[in-house]
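Trainee: Please walk me through this model. I want to know what lies behind each label.

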Amino acid sequence: MSSQLIWPEPDMTPVDLDAWWWWRKRNLDLYDSNVGARIDAIKGIEKVVQGLAVLAKGRAGGILSITGGKIADQMPWEALERGFIDRALDYHPVRADGTIAAAPADRTGALRVALLVGHEGNDKTFARDEQLAQLKSAFSASAQVKARIADADAIATLDLVAVPSDKDRSDFFADADPHAVFYFGHGRAGSVPAIWVGPENGGWLPLERLAGYATNQNPFPASWIFIACSIGEAPSHDAGPAGPEAFRILATRGARAMLAMRARIRPQLGQIVAASLIESLSGKIPLEFAAATARKTARRARQSGTSSLVDWAAPAVWSTVVGPNPPRSADILPQLIAAKLTRVAADDPGVGLGPPDNDVAQTAARWSQDRRVRVDVAGTDEPALAALFAKIAGAIAAQSPRPTLFVRLRETGSFALRLAEWASSMLAALDGLERETVIGRALRQLSNRDLDGLEALVGIPDIALIFSSPPNVGDITAWAIFEGAGADATIVLGYASVNQEQRPLWTLDRVDTEATMQIARDALQNYPATLALLAVLDGPAKREALALITGEASAEMAADLTINMPSGIVLAPGVRDIVRSTLQDDELARAHQRAFEARRSVPALIESDDIFAPVRDLAGAGAIELVDFVNAFATRFASDWGAAEWLRLGRSLESARDRWDAIDPRVLLEIASALVERQTLRQALPWLDAVQTDDPLLNTTRLSLLSEIAKAEGTPGAQQKMWRHAQDALRQIQEAKSQSPLDPRLRARARDMKANIARLNLYFNHDAEGTRVTFTAILDELNRENEATVASSLVATLRNLAECLFEFEPFRSAGAERAEARRHLRRAIDIARRHCLDSLGAEAAYSTAKLDEVESDWAAARDHLTGTIELARSAGHAVCQRIAEMRLFRLSVQHENTPFDHTLFAVRLRKLEFLESHVWAKRYAAQARAWAARELERAGDLAGMRLLLVRNIQLFEPLAQVASDSDKHLVALSHAGLASAGAVGNQESWTRFRELSWSAVWIEEHDAHDPSAYWRGDV
């Protein structure tokens, strides 16, 4: 007599096995060291393993339901995975029961957990209090898990030994209302399954009684986890619910799934299983899937030791789900997908589940802060590097709720090809649902060498990406994506040699071991001045010069503390952190002073092409001569500086804020002007606050910059400040000019202030006719000046006059005015190019693209937007760059038949949202949301549509007095869209709009009585 295995696929041949009672006779106890050989001796087992592997691969991560009553339940299905050639297969054996009519879904909201612990019994390795503390810590050890669990700092915990009262136990469950129940302790199978609560409490507590405690007015917990010996060992029943008696008890009360042990399990392995399950369940991964991940993790932990035990296969799942997928209650979080792919890349399912090593934790914290990192990995073999980077990725994920992904690439080939190979291998690890997530769709794009997938990955909110190798120098698109990523993204690139190239704004780093850190601490005793000097330098120093500068015999200082560069050595960042945290401030100040003197020595002991390094040295030293040095330094070198150089000077002075007010106000105003030019407006305010001057030229510059900053805030109060500052500037310069009418500098500044008032009248009062007269007169005056002297004013005037002619009534519909506008813009771009005014040139190119769109010349608009992006990027004009990127994306969808990609839209929107302190970015982001909402409505994604429109209302409606008609338009349009969404819409939204103080007039003026017609006619 034999048992027969029937496959779910009709084309697969049934397998004859030994009789089930013969299996039991062979003692398939997974706790036994010889069980592997006994499993292998079962008749036909090789064919079973091969068939299971085929099914696992064909089902793309779905459940493999196992039915057949007690005969099927005897087979150690979980342990058969050990025979798979491909260890990465998603293998989800679930002992299924179809007698329950409907399998309950996991409940929504943050995971609520009940943690139960029993008596330790005679097991010396199971200390109840210690195990409870360790299990509780697993719920709060990871920032990601903690964020997904309700009251992670106060997990509902029931010590069944200390709380013997039935009423107290029932009250515990009623208050906790858990989604999932964990039990850690001793268990017993058989006809009356039970858990051990100690001799003083009656010994064994029947599971029937425990389930009774959890039966109340709340839904019965859907998932039960027993980290306990033997609960799952009892034979299955042939009549439902199937499975051991424990599952019958829980399923009849409403549980969907139970994970229990089919053998004894050691506490250490139980903790690993529990930690993995906690992570998965907190991310709404059903227990039926979470179990497989836990077994893989336990298997790796077991096999990394010396044991050949198969007890890692003890966790088994019984479920009322028979189909390929259990019901899911939430979208799959990107954090979970990233963690899964990182583990696959590292071939280690335990990555991130345990506390990281100290050096790994320190590196993870440093990279999270630095954001753009080039890592020296010279001399590290590829498998070791993969393991290290995966550990750091796991540590970043544990320290924060950020999705963190390790991308394991080979070193040679184009970056697109290497990414395609990686993405293809990762896709195989994702199931069908996971492939439809943002990360899954990005992988599909990358597998086709489409770098839009890379942009989608980089654009995931708060993403941390660690690449084992960098793009090549020629991989321009990849570099542009990395360097244009949002400020919330961390991007780390491993370099076999950091001397391959220099990349500005990327931090150089190396992962140092704890042993290296100890070497650094020891070296501080022998070479404090040398290490202090290296710690304050921003660039390399020649090793042989260090002894001459500090007087310390540092030639023998351990090479492990530094990174070799072509022109010298730099201190490894981890070592730098130790030096800076250990030495006193006065020791670091002396190091700065030594660096300054070494740069001035003849010959120079510290050589650098960075002319601002001496400023940083004096600022760091707190030197009395800093102010005089900076003033003389600017006088000597600044004649041909642009915004980039002034910003570098500003960064060099950051540590000396208390000295700013003594610096020449012309220097402060140049730095502030450079910040305003790049639209980093709030950073300009401290520099302007430090300006102290009675010079009318300097003071009008200060006032005009304050006016520009106020204009960008976009609120009624800020608008009032904008006008006040602009009018005060004009008044003061006119008063000075009246006293010195022949002073050309005062005449030029008065002209600029007059132009500023005209610009504000155009954009805020829509006085196009008056503005045209003013700008035409100013342009005539500028044309009589030396072009190089007035280049900035010329470009700004030409652009403003052009926009007056094609964007505002009564000129916008006239062909002659549009032709004149185009001539002005062409000239503006040409002047900006010849005089390296990239920021102003970018704005002129953007205006030209808008004019192209007015005339429906979409190809020209694309070219001009592309040029805008390049100019804005080179000038550091982030606001203009991000707006142009979004406009180009919109153009491609509306006029070039490019499908609307919600993920790529979201990437561009996030980059704009980082800049919403500037009203131009804020308004364009809102316009983009309104447009994208229409696209989502057309695609049937009403939930996504509503999110975008609600965000618009949240941003603009709270203003007591909406600052402009464009703001009112966005609020009205967003309410109309919400009222029109879907077949019914949300009429309450339109009712809310009608209650706004200005809405009645708006509705009349714009014939917006029907919100649906207004929404569909306006977008």
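Mentor: Start with H766, which lies in the loop between helix 31 (744-765) and helix 32 (768-783). Helices here are DSSP runs of H or I with at least four residues, strands are runs of E with at least two, and both are numbered from the N terminus. The model is predicted: local features need pLDDT of at least 70, side-chain atom pairs count only at pLDDT 80 or more, and totals for chains, interfaces and linings use all residues. Residues are numbered from 1 along each chain as its sequence is written, and side-chain values use heavy atoms, with hydrogens and water left out.

Trainee: Why does H766 count as partly exposed?

Mentor: Its relative accessibility is 46%. Buried means under 20% relative accessible area, exposed over 50%, and partly exposed in between (1.4 Å probe, protein chains only). H766 therefore counts as partly exposed.

Trainee: And what makes N897 count as exposed?

Mentor: N897 has 75% relative accessibility, so it counts as exposed. It sits in the loop between helix 37 (878-895) and helix 38 (902-913).

Trainee: What is phi at these two residues?

Mentor: H766 has a positive phi of about 55 degrees and is not a glycine. N897 is not a glycine either, and its phi is positive at about 60 degrees. Most residues other than glycine have a negative phi.

**Helix pairs**

Trainee: Why are helix 33 and helix 34 called roughly antiparallel?

Mentor: Their axes cross at roughly 155 degrees and come within 8 Å. Axes are lines fitted to C-alpha atoms, for helices over the stretch in contact, and angles run from 0 to 180 degrees between N-to-C directions. Angles under 35 degrees count as roughly parallel, over 145 as roughly antiparallel, 65 to 115 as roughly perpendicular and the rest as oblique. The two helices are therefore roughly antiparallel.

Trainee: Which handedness does the crossing of helix 33 and helix 34 have?

Mentor: Helix 33 passes helix 34 in a left-handed crossing. Left-handed means the near helix is turned anticlockwise from the far one by less than a right angle; clockwise is right-handed.

Trainee: Which residues meet there?

Mentor: Residues including L794, L798 and L805 of helix 33 meet residues including L825, A828 and I831 of helix 34. Contact means heavy atoms within 4.5 Å. By class, this contact has 13 nonpolar, one polar and seven charged residues. Ala, Val, Leu, Ile, Met, Phe, Trp, Tyr, Cys and Pro count as nonpolar, Asp, Glu, Lys and Arg as charged, and the others, Gly among them, as polar.

Trainee: What lies in the loop between helix 33 (787-807) and helix 34 (815-834)?

Mentor: P810 is found there. A cis peptide bond joins E809 and P810, with omega about 15 degrees. Most peptide bonds are trans.

Trainee: How do you know that helix 28 and helix 29 are roughly antiparallel?

Mentor: The axes of helix 28 (681-689) and helix 29 (696-713) cross at roughly 150 degrees, within 10 Å. Helix 28 and helix 29 are therefore roughly antiparallel. Their crossing is left-handed. L681, A684, L685 and L688 in helix 28 meet R702, L705, L706, E708, I709 and A712 in helix 29. That contact has eight nonpolar, no polar and two charged residues.

**An enclosed helix**

Trainee: What makes helix 24 largely enclosed?

Mentor: Seven of its nine residues (613-621) are buried, so helix 24 is largely enclosed by the rest of the structure. A613, P614, V615, D617, L618, A619 and A621 are the buried ones. They pack against helix 23 (585-600), helix 25 (626-637) and helix 26 (643-652). Just after helix 24, G622 takes a positive phi of about 65 degrees.

**The sheet**

Trainee: Which strands form the open sheet, and in what order?

Mentor: Eight strands, in the order 3-4-13-12-11-7-5-6, with mixed pairing. Two strands pair if DSSP finds at least two bridges between them.

Trainee: What makes strand 3 and strand 6 edge strands?

Mentor: Strand 3 (64-66) and strand 6 (156-159) each pair on one side only.

Trainee: How many bridges does strand 7 make with strand 5, and how many with strand 11?

Mentor: Five parallel bridges link strand 5 and strand 7, with A114 opposite V181. Six parallel bridges link strand 7 and strand 11, and F184 stands opposite I227.

Trainee: How do you know that both faces of strand 7 are covered?

Mentor: A180, F182 and F184 on one side are buried, as are V181, Y183 and G185 on the other. Helix 7 (166-176) lies across strands 5, 6, 7 and 11.
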